[in-house]
Amino acid sequence: MTTFAEARRRSDRTTVYLLLLPALLPVLVLSVVPLLRGIYLGFTDARAGRNVDTSFTGVENYRELMSDELFWSAFRIGLVWAFGVTIIQFVLALGLALLLDQPLRFRGFARVMALVPWAMPPVIVGIMWRLVYHPDAGLLNEVLYRGGAEGLQHNWLGDFSTALPAVIVVGVWAGMPQTTIVLLAGLQGVPRELHEAAAVDGASTWQRFRSVTVPNLMPVIIAITSLDFIWNFNSFGLVYVLTAGGPGGRTMLPMLFAYEEAFRYGNYGYAAALGNVMVVIIVALLALYLRRRLREANA
């Protein structure tokens with residue numbers, strides 16, 4: 001026999017589910033269903049066009065992918081891009097967060113200005129930096145010219161040796177604000193009493209940073225670097241506007257390669273297989289990274 005308390009609990013549980021439904025429906029429709037659809041397409045020969053028959057091909061797409069040198073080249077470039085942007089923006093963001101955590105004048109204004117790149121859409125950022133890097137009328141080459149360094153002028157986005165580093169610089173500039181804000185929030189959560197006690201014991205600024213700040217900030221560091229790596233590896237809009245994968249594929253990231261296969265060549269099944277493989281590899285890399293960092297943090 002159902003008691004009043006059990007009936008009340010069931011009613012409360014039903015109410016919770018009903019309240020969660022408006023938030024879960026968009027996630028289900030816009031994320032889960034497309035994900036499952038993409039996994040399915042990776043095992044088919046789906047192609048663009050009307051009235052095109054789609055048949056199940058098993059692991060044929062994945063067998064072809066294993067020998068696709070263009071994909072593995074894009075994957076290697078993607079790793080260089082993701083690691084490069086993530087590491088550089090973390091180091092710079094940590095320095096900026098430490099600076100903004102100090103009691104400086106106009107600190108509030110400086111914090112707002114640090115968010116400006118984050119507020120700009122990737123397409124706008126890409127167009128702006130294309131103008132900066134323009135070989136003839138770009139701001140960078142103009143500054144070099146007026147500074148007497150004409151020999152350093154360059155076609156930054158059009159040269160094989162400088163295209164990827166130039167794009168990495170843009171990625172760092174565009175992605176640093178959110179990393180800075182997260183690290184700044186973490187710094188403000190470090191108890192001031194620990195720093196004061198360490199200072200009384202004679203610890204230097206560097207020793208306090210290494211022994212007090214970093215251990216307390218480690219959970220935040222692990223979280224933000226993991227998220228940054230995922231975001232950077234999945235970058236599309238910024239690099240597409242800057243170089244569209246050129247010159248000669250030197251900035252062809254995995255997402256750009258999958259986009260080209262799907263929407264330029266119409267190979268939906270093969271592009272879906274590329275996406276599935278990238279998801280598996282990135283999850284494996286992140287699992288190894290998180291396991292190592294968590295083990296270091298708990299040591």
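1. Start with alanine 244. Alanine 244 sits in the loop between H11 and H12. In this predicted model, its phi is near 55°, a positive value in a residue other than glycine. Most residues other than glycine have a negative phi, and most peptide bonds are trans. Check the surface too: alanine 244 is partly exposed, with a relative accessible area of 37%.

2. Now go to asparagine 51. Where does asparagine 51 have its place? Find the loop between helix H1 (4–41) and H2. Asparagine 51 is not a glycine, yet it has a positive phi of about 55°. Is asparagine 51 buried or exposed? Asparagine 51 is exposed, because its relative accessible area is 81% and exposed means over 50%.

3. Next, the overall fold. The protein has 13 helices and zero strands. Reading along the sequence gives α-α-α-α-α-α-α-α-α-α-α-α-α. The radius of gyration is 24 Å, well over the 19 Å that the globule rule gives for 299 residues, so the protein is more spread out than a compact globule. The C-alpha trace spans about 85 × 75 × 35 Å along its principal axes.

4. Some totals for the protein. Of its 299 residues, 36% count as buried. The accessible surface comes to about 18200 Å². Carbon and sulfur atoms hold 66% of that surface. Then look at contacts between residues at least 6 apart in sequence: 66% of them join residues at least 24 apart. As for charge, there are 23 positive and 20 negative charges, and their mean positions are 8 Å apart.

5. The largest nonpolar core has 40 residues. Which of its residues touch the most other members? They are Phe71 and Trp81. In soluble globular proteins, nonpolar side chains tend to be buried together.

6. Zoom in on tryptophan 81. Leave out residues up to four places away in sequence. What does tryptophan 81 then touch? The list is Val167, Ile168, Gly171, Asn232, Phe233, Ser235, Leu238, Val239 and Leu253. Another core lies apart from the largest one. This other core has 16 residues, among them Leu94, Leu187, Leu217 and Ile224.

7. Threonine 162 deserves a look. It is placed in the loop between helix H7 (139–146) and H8. Threonine 162 counts as buried, because its relative accessibility is 15% and the cut-off for buried is under 20%. Leaving aside neighbours within four places in sequence, threonine 162 is in contact with His154, Asn155 and Trp156.

8. Leucine 286 counts as buried, at 10% relative accessibility. Alanine 284 counts as partly exposed, at 40%. Leucine 286 is in contact with Ser226, Phe229 and Ile230, neighbours within four places in sequence aside. Leucine 286 and leucine 227 are 59 residues apart in sequence but 9.6 Å apart in space, C-alpha to C-alpha. Alanine 284 and isoleucine 127 are 157 residues apart in sequence and 34 Å apart in space, again C-alpha to C-alpha.

9. Finish with valine 132, in helix H6. Is valine 132 buried or exposed? Valine 132 is buried, with a relative accessible area of 17%. Setting aside neighbours within four places in sequence, valine 132 is in contact with Gly138, Leu139 and Leu140. Valine 132 and glycine 171 are 39 residues apart in sequence and 14 Å apart in space, C-alpha to C-alpha.

Notes: Residues are numbered from 1 along each chain as its sequence is written. This is a predicted model: local features need pLDDT of at least 70, side-chain atom pairs count only at pLDDT 80 or more; totals for chains, interfaces and linings use all residues. Side-chain values use heavy atoms; hydrogens and water are left out. Helices (H or I, at least four residues) and strands (E, at least two) are DSSP runs, numbered from the N terminus. The radius of gyration is taken over C-alpha atoms; the globule rule is 2.2 Å times the number of residues to the power 0.38. Buried means under 20% relative accessible area, exposed over 50%, partly exposed in between (1.4 Å probe, protein chains only). Contact means heavy atoms within 4.5 Å. Accessible areas come from the Shrake-Rupley method with a 1.4 Å probe; for residues, only the protein chains shown count as cover. Lys and Arg count as positive and Asp and Glu as negative; His and the chain ends are not counted. The place of a charge is taken as NZ of Lys, CZ of Arg, CG of Asp or CD of Glu. A nonpolar core is a set of buried Ala, Val, Leu, Ile, Met, Phe, Trp, Tyr and Cys residues joined through side-chain atoms within 4.5 Å.
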